Amino acid sequence: MFSRINSRIKPAGWRQPRTLLWATAGATAVGFLITLEIAARHYGLPGPITNQAKEVIFPPKSGFLLYASMALTMVVLTWRERFIAAGAAIGIDLVVFLVRWALGIRVTDGHPFGNGALWVILGCAVIAVTRRAGRERVLLLKGVGLGLLLVAGRKAGDIWLLITSRTRPTVLDQYAATADHALGNPSWLAGRIVRASGPIGSHVLDYVYIQLAVAAVVVAMYQLRHVAVERRFPRHHLVRTFLVIGLLGPAVYMIFPVVGPVFAYGTGGGHWAVADVWPHTPPPVHAPHPIPFDEITPRNCMPSLHTAWATTIFIHSRKGPRILRFAGTFWLIATLGATLGFGYHYGVDLVAGAVFALTVEAALRALERGWDRSGTQLVAHGATVFAALLASYRFLPLEMAHHPWVSGPLVVLAMASVVHGYVRTTTLWEATARVTGPRGAVPVTPEAVSP
């Protein structure tokens, strides 16, 4: 009798703060999207909400992303429901394709598929509200929210990039390029290697770079594979970190606007470029200054969010099977090669991106397990190193370039200190969780505490 009473009382006390957390997160996400919608309208362009609504009928920008989002939603469904949902999505796409073909509509922008996946996600939301109740309704709505947040994050990111190009008329590429001498100008070296690899190497790296979100979904699907059986989500998973990085990262773009070497020092920038020297000749070392640039190119280099996302994919794949660990390692290395080899980033961007990712991941894990001294120290250390890196790139680039044998190792050691602190602290957390469990009783599964 007492066990049944306790089972009814404990979740009630636990559910209230969790409900408030989910409600707060949902309200914040909606408010953020509405704000971006208003900002986009101010510049005469549709915002993320409008663009997403259009994809119900019009060709989506990325059909692969919509199907990946549907896969995230389906983690809460049974296998029978998953087959029905996947069949419905494919059937709807076939009908839409035939209608466009019959009307002579050619898809020139975006993908000819993906509408069906979005319809299925929205259909799951309708079913949750009209046909489900209690915990089952909440679980299905969480799945729908997870899928929609992924696509909404992509749309919000596009608007963020637009805002950076319109509100930051000058860029700090000369500062980043000068500081990059401390690391040996890796973008120039990687650019020459990619060009020497020919079209095959370029196509492979380009696919890895573009489909980063799909790779994240593959890892997330492994972490969430037990949701349908256990009827609950794990305490922490990749999607949470992925979305928070996408939410916070663009704010740094506004502080340190950079367009990248292929635009500032290559053919991508046209007459706005300082010189056409990338990737063959590193720029000379001289006192940097802000340079004006167009209102189209995104100021999206500092930090490298592709590096940050690839780092989190690598971290979260460590608890998976060998093939997943191999894929996570490959995606990280290939992403670093693509960001540098295509001239999208400087080496200093990648260092900042890795530190940024580890700091966000540490903060989310500390928040989930309960803040303590070790978590606070780890996050504070990561945030301090990140701020110090940005400050040194901005105010000490000339000194870094003139003393590369000192500044270069210091930059790498600063990043390594964050990596070491993260590995040491999270390893201790996992060992403690396996011994005591979340409340001193039940051991935690690897998925529940995996980075």
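## Overall picture

Of this protein's 451 residues, 47% count as buried (under 20% relative accessible area, with exposed meaning over 50% and partly exposed in between, using a 1.4 Å probe and protein chains only). The model is predicted, so local features need pLDDT of at least 70 and side-chain atom pairs count only at pLDDT 80 or more, while totals for chains, interfaces and linings use all residues. Residues are numbered from 1 along each chain as its sequence is written, and side-chain values use heavy atoms, with hydrogens and water left out.

The protein has 19 helices and two strands; these are DSSP runs numbered from the N terminus, with helices being H or I of at least four residues and strands E of at least two. Along the principal axes, the C-alpha atoms fill a box of roughly 75 × 65 × 40 Å.

Val30, Ile34, Ile38 and Ile49 make a nonpolar surface patch of about 350 Å². Patch members have over 30% relative accessible area and no salt bridge; nonpolar side chains (Val, Leu, Ile, Met, Phe, Trp, Tyr) are joined within 5 Å, and like charges within 9 Å. A salt bridge here is a side-chain nitrogen of Lys or Arg within 4 Å of a carboxyl oxygen of Asp or Glu. Accessible areas come from the Shrake-Rupley method with a 1.4 Å probe, and for residues only the protein chains shown count as cover.

Helix H1 (residues 2–42) gives the largest share of the patch, three residues. Ile49 belongs to helix H2 (residues 48–54) and is partly exposed, at a relative accessible area of 40%.

## Aromatic contacts

Rings of Phe, Tyr and Trp (its six-membered ring) pair if their centres lie within 6.5 Å; planes under 30 degrees apart count as stacked, over 60 as edge-to-face and the rest as tilted. By this rule there are 11 aromatic pairs. One of them is the tilted pair of Tyr209 and Tyr344, with 5.1 Å centre to centre and 45° between the planes. This pair links distant parts of the chain, 135 residues apart: Tyr209 is in helix H8 (residues 186–210), and Tyr344 is in the loop between helix H14 (322–341) and helix H15 (347–369). Tyr209 counts as buried at 14% relative accessibility, whereas Tyr344 is partly exposed at 27%. Elsewhere, ring pairs link Phe64, Tyr67 and Phe113 into a cluster.

Charges meet rings here too. The charged end of Arg82 sits over the ring of Trp79, 4.5 Å from its centre, and Arg225 lies over the face of Tyr222, 3.9 Å from the ring centre (NZ of Lys or CZ of Arg within 6 Å of the ring centre and within 35 degrees of the ring normal).

## Backbone details worth a look

Most residues other than glycine have a negative phi, and most peptide bonds are trans. Trp278 and Pro279 are joined by a cis peptide bond with omega about 0°, and Pro279 is in the loop between helix H12 (261–264) and strand S2 (291–292). The bond from Met302 to Pro303 is also cis, with omega near -5°; Pro303 is in the loop between S2 and helix H13 (305–316).

Asn185 has a positive phi, near 50°, and is found in the loop between helix H7 (173–179) and H8. Asn185 counts as buried, at 9% relative accessibility. Arg231 also has a positive phi, near 60°. Arg231 lies in the loop between helix H10 (227–230) and helix H11 (238–255) and counts as partly exposed, at 22% relative accessibility.
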